[in-house]
Amino acid sequence: MAGKKNFGFERHAGRQIDLDHADNSLATELAEVVSAWSACISCGSCAATCPAGQNVGFNFRRLHYKIKLSLEVETDNYPSLLTSCLLCGKCQLVCPRGIPTRYLSIQIMQKTKHYAEVIPPV
Amino acid sequence: MLDGREYRITVIGAGPAGAAAAISAAAMSMEVDWYDKENRPGGKLNDYHQLFPDRATADQILADFDGRTDAIEIKKHFGTAVNRIETDNRQLILLSDNKIVGSADAVIVATGFDFFDARLKEEFGYGIYDHVITSPDLEKILKTNPEDLRKEGADPVSIAFVHCVGSRDQQAGINYCSRLCCITGIRQAIGIKELFPSCKVVNFYIDIRAFGSGYEELYREAQEKYKIQFIRGRVSEASENQQHRILLKAEDTLMARPLKLTVDWLVLLVGMVPSCTQVQIDNHQCTDQETGFYQPVNVFTGSRIAGLPGIFMAGACGGPMSIPEAIASGRSAAMEAWQYLKDR
């Protein structure tokens, strides 16, 4: 960058969610195995009760909502986020829609490649 | 046994509330004159396809009303719009375009509502783009010819619904919630999915207000069984692309990120506003200054229109109301009218 001044600007991907070109294969697959997941109303009970979420930037509601919108599938971000999940199942106890969130968490781990080898099938 | 034999009552409006009021008044042996501006009874029910929450057809309800109103003594004056009532001592004089058409001891006003004129929300492009329609438009399409939703023979790829159009919107001068658009949008979205299972259906909502019996269950069914996507955020603008598809911009407020989506049809779930054919009663201001709907003497206990003895209101002329609520309110107005006439 010789000869160019650094004005402090940087390039980054747009923030707009593009629902027209979303790859929703993961969301479709998950909805097939955990059908109640579709009934989520984003109340945030799961995230509020999550012991991991109290200390690290892990938000289960946000994580699976992102999958629903097919966000960041390409960056394979989900497994690294899910390392914080303790699989304690507290989220499942508070879900008003009765979504098996612990099972959903395991399914997400299994269906995203890094964890396929680590987590045994249930 | 309620005997109203010597009472003459007029019901204005032949929608569900007016029909229920007329049937109930006649069942109490009152002499009933029943008016509607249209030539047939049923009001907006005539244009509806299915009803929530059980998705009974509107035709079933209409047939039920027809059967009951035919089986009982009711004088029908359809095609006559009563638009003025003058009080003359204890007599109520009914006028249509300044011509006296009748008189009564008591009147039940059941003039219903109009749908919000979606052209006023110009950002959604209703009346500008062919593929932007309102919920009553879609209802007519579903009832008469759902094939019209195909484009050159192909199933629609995606359809979006926008909740709260002309409802909870100070820009439109409407601060109240119309309450029934949410469940209408849910039911219509299911209808679309049944016709076109592979179509992506997205509802843009602010809050889901599924307050009635069975409504929440239908909402859940829409999510879980029909995979209808609910996005929390209001569409801010719609525009048409060269393929005549509608490009939407909204914010997904749960992600705090802007979002775009292109759809084949955009359906605006329009709110309920006061009817343009309200009845003027003497020179009274009997509607709410802010909402324009009729005001009862007491919102808890009385359906008499505020300040006017002998004139009662029923159904959605008093504010947004579902069909079962309108029917119940028609019945209770008839009962109150009877009590008023007995006690006066």
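**Exercise 1.** In this predicted model, determine which residue of β18(B) stands opposite Arg84(B), and describe how the two strands concerned pair.

*Solution.* Step 2: Strand β4 of chain B covers residues 84–88. Its pairing with β18(B) is in the parallel sense and runs over two bridges.

**Exercise 2.** State the strand order of the open four-stranded sheet in chain B, and explain why one side of β6 and of β18 is left without a neighbour in the sheet.

*Solution.* Step 1: The order is β6-β5-β4-β18 (chain B), and the pairing is mixed. Step 2: β6 (99–104) and β18 (280–281) of chain B stand at the edges and have a single partner strand each, so one side of each lacks a neighbour in the sheet.

**Exercise 3.** Characterise the packing of helices α3 and α6 of chain A.

*Solution.* Step 1: Two packed helices are described by the angle and the distance between their axes. Step 2: The axes of α3(A), residues 60–68, and α6(A), residues 101–111, come within 12 Å and cross at roughly 55 degrees. Step 3: The two helices are therefore oblique to each other, and the crossing is left-handed. Step 4: From α3(A), Phe60(A), His64(A) and Ile67(A) meet Thr101(A), Leu104(A), Ser105(A) and Ile108(A) of α6(A). By class, this contact has four nonpolar and three polar residues, with no charged ones.

**Exercise 4.** Describe the domains of chain B and the contact between them.

*Solution.* Step 1: Domain 1 of chain B comprises 8–112 + 275–343, and domain 2 comprises 116–271. Step 2: Their C-alpha centres lie 32 Å apart. Step 3: Domain 1 of chain B gives 18 residues to the contact, and domain 2 of chain B gives 22 residues.

Definitions and conventions:
Residues are numbered from 1 along each chain as its sequence is written. Chains are lettered from A and ligands numbered from 1 in the order in which they are written. This is a predicted model: local features need pLDDT of at least 70, side-chain atom pairs count only at pLDDT 80 or more; totals for chains, interfaces and linings use all residues. Side-chain values use heavy atoms; hydrogens and water are left out. Two strands pair if DSSP finds at least two bridges between them. Axes are lines fitted to C-alpha atoms, for helices over the stretch in contact, and angles run from 0 to 180 degrees between N-to-C directions. Angles under 35 degrees count as roughly parallel, over 145 as roughly antiparallel, 65 to 115 as roughly perpendicular and the rest as oblique. A crossing is left-handed if the near helix is turned anticlockwise from the far one by less than a right angle, and right-handed if clockwise. Contact means heavy atoms within 4.5 Å. Ala, Val, Leu, Ile, Met, Phe, Trp, Tyr, Cys and Pro count as nonpolar, Asp, Glu, Lys and Arg as charged, and the others, Gly among them, as polar. Domain bounds come from an automatic or database domain assignment.
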